[in-house]
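Welcome! Here is a short briefing to read alongside the sequence and the 3D view.

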Amino acid sequence: MRSALSVAIGAALAASACSVPRSGSSAVIVSDAWVREAAPGQPSTAAYATLTNPTDAAITLAAASAAVAQTLEFHETQMDAATMRMVAVRSVVVPPRGRVDLQPGGLHLMLLGLTKPCPPGDRLTIEFRFSDGLVVASAEVRRRLESTP
Ligand SMILES: [Cu+2]
């Protein structure tokens, strides 16, 4: 069912977790992708990466997916007085000739509905769907250093 859908819809949807890059790659360079470790039973974790746009036009990160999670959301960590909270954002714009760092304490990818544990050293495939195409990145799971999402 899922693979048939992927064939039908092709590169237009980032629904499949297939790790084979497709035609229509984005110009954005995704580097230093990593995922915070998740213990068995932990429902969610966060992923980080650097997004570099080498073009003269803004490119929008519209969606992301990973086989290990049911849903990926873009979150921004905000300090509200002394309280830290995460706010969901619809998309992330990578400015022309610029970069966006998805990092602890700032913008990040939230992996929700984890379907298996993510122990340190594992590698996960994350599919980034930009306004100009797809990027499939391999992200290393790293040990949790602090609690900032
Ligand atoms: Cu979050």
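Asp-32 is partly exposed, because 14 other C-beta atoms lie within 10 Å of its own. Here a residue is buried if 20 or more other C-beta atoms lie within 10 Å of its own, exposed if 12 or fewer, and partly exposed in between, with C-beta atoms placed from the backbone. This is a predicted model, in which local features need pLDDT of at least 70 and side-chain atom pairs count only at pLDDT 80 or more, while totals for chains, interfaces and linings use all residues. Residues are numbered from 1 along each chain as its sequence is written.

**Positive phi values**

- Most residues other than glycine have a negative phi.
- Asp-32, a residue other than glycine, has a positive phi near 50 degrees.
- Asp-32 sits in strand β1, residues 29–36 (strands are DSSP runs of E, at least two residues, numbered from the N terminus).
- Ala-81 also is not glycine, and its phi is positive, near 55 degrees.
- Ala-81 is found in the loop between β4 (69–80) and β5 (83–89).
- Ala-81 counts as exposed because it has 5 C-beta neighbours inside 10 Å.

**Partners of strand β8**

- Strand β2 (residues 44–52) runs antiparallel to strand β8 (residues 107–114), and 4 bridges join them (two strands pair if DSSP finds at least two bridges between them).
- Strand β4 is also antiparallel to β8, with 7 bridges joining the two.
- Which residue of β8 stands opposite Thr-45? Leu-111 does.
- Leu-72 stands opposite Leu-111 in β8 as well.
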